[in-house]
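Subject: Handover of a structure and findings

Dear colleague,

Please find the structure below, together with an account of what was found in it. I would be grateful if you could read the two side by side.

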Amino acid sequence: MLSSVSRLVLVRTVTPRAFTAFGATRSLSIHDQLKSREKVEEDRYIRAKEYEAFMKKKEADQAAKAAEEAAAEPEIDPALVQAMKEAEDLLSSSMDKVSEAGLAKLAEWKLGK
């Protein structure tokens, strides 16, 4: 008799909980799936924004670098270049060699700069 009473209590108390827990787990898994999809979309959006910021920074860096290179490159005076060629021709006729910096100094001396 005791076993039938305990079995009856067990069936009435444990069985509904098992079905409820199973159903609840299923609804939670759908909620988890939706939540994970939202997370994926948020991550994708954040990556896109980070990429846009990276590209803007890269373009700004390239523009700054191009401006620096343009400013660093000195303007070449045609008269100076011509004087350097003349000095080089004159020195090469006697088999003498002078560095580019030396030729520049000779050309500046000749032009009176």
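The largest nonpolar core consists of seven residues: Leu80, Ala83, Met84, Ala87, Leu103, Ala104 and Ala107. A nonpolar core here is a set of buried Ala, Val, Leu, Ile, Met, Phe, Trp, Tyr and Cys residues joined through side-chain atoms within 4.5 Å; buried means under 20% relative accessible area, exposed over 50%, and partly exposed in between, with a 1.4 Å probe and protein chains only. Two or more residues of this core come from each of helix 2 (78-93) and helix 3 (100-111), and helix 2 gives the largest share, four residues. Helices (H or I, at least four residues) and strands (E, at least two) are DSSP runs, numbered from the N terminus.

This is a predicted model, in which local features need pLDDT of at least 70 and side-chain atom pairs count only at pLDDT 80 or more, while totals for chains, interfaces and linings use all residues. Residues are numbered from 1 along each chain as its sequence is written, and side-chain values use heavy atoms, leaving out hydrogens and water.

The protein has three helices and zero strands. Of its 113 residues, 6% are buried. The mean pLDDT, the predictor's confidence in each residue from 0 to 100, is 80, and 75% of residues reach 70 or more. Confidence is highest in helix 2, at a mean of 88, and lowest in helix 1 (residues 2-72), at 78. Where pLDDT is low, the predicted coordinates should not be read in detail.

In helix 2, the buried residues are Leu80, Ala83, Met84 and Ala87. They lie on the same side of helix 2 because they cover an arc of only 105° around the axis, the arc being that of the directions from the helix axis to the C-beta atoms. Pro78, Asp89 and Ser93 are exposed on the other side of helix 2. After this helix comes Met95, with a positive phi near 65°.

Helix 3 buries Leu103, Ala104 and Ala107. These residues fall within an arc of 100° seen down the axis of helix 3, so they line one face of the helix. That buried set packs against helix 2, contact meaning heavy atoms within 4.5 Å. Ala101, Lys105 and Trp109 are exposed on the other side of helix 3. Just after helix 3, Gly112 has a positive phi of about 80°.

Yours sincerely
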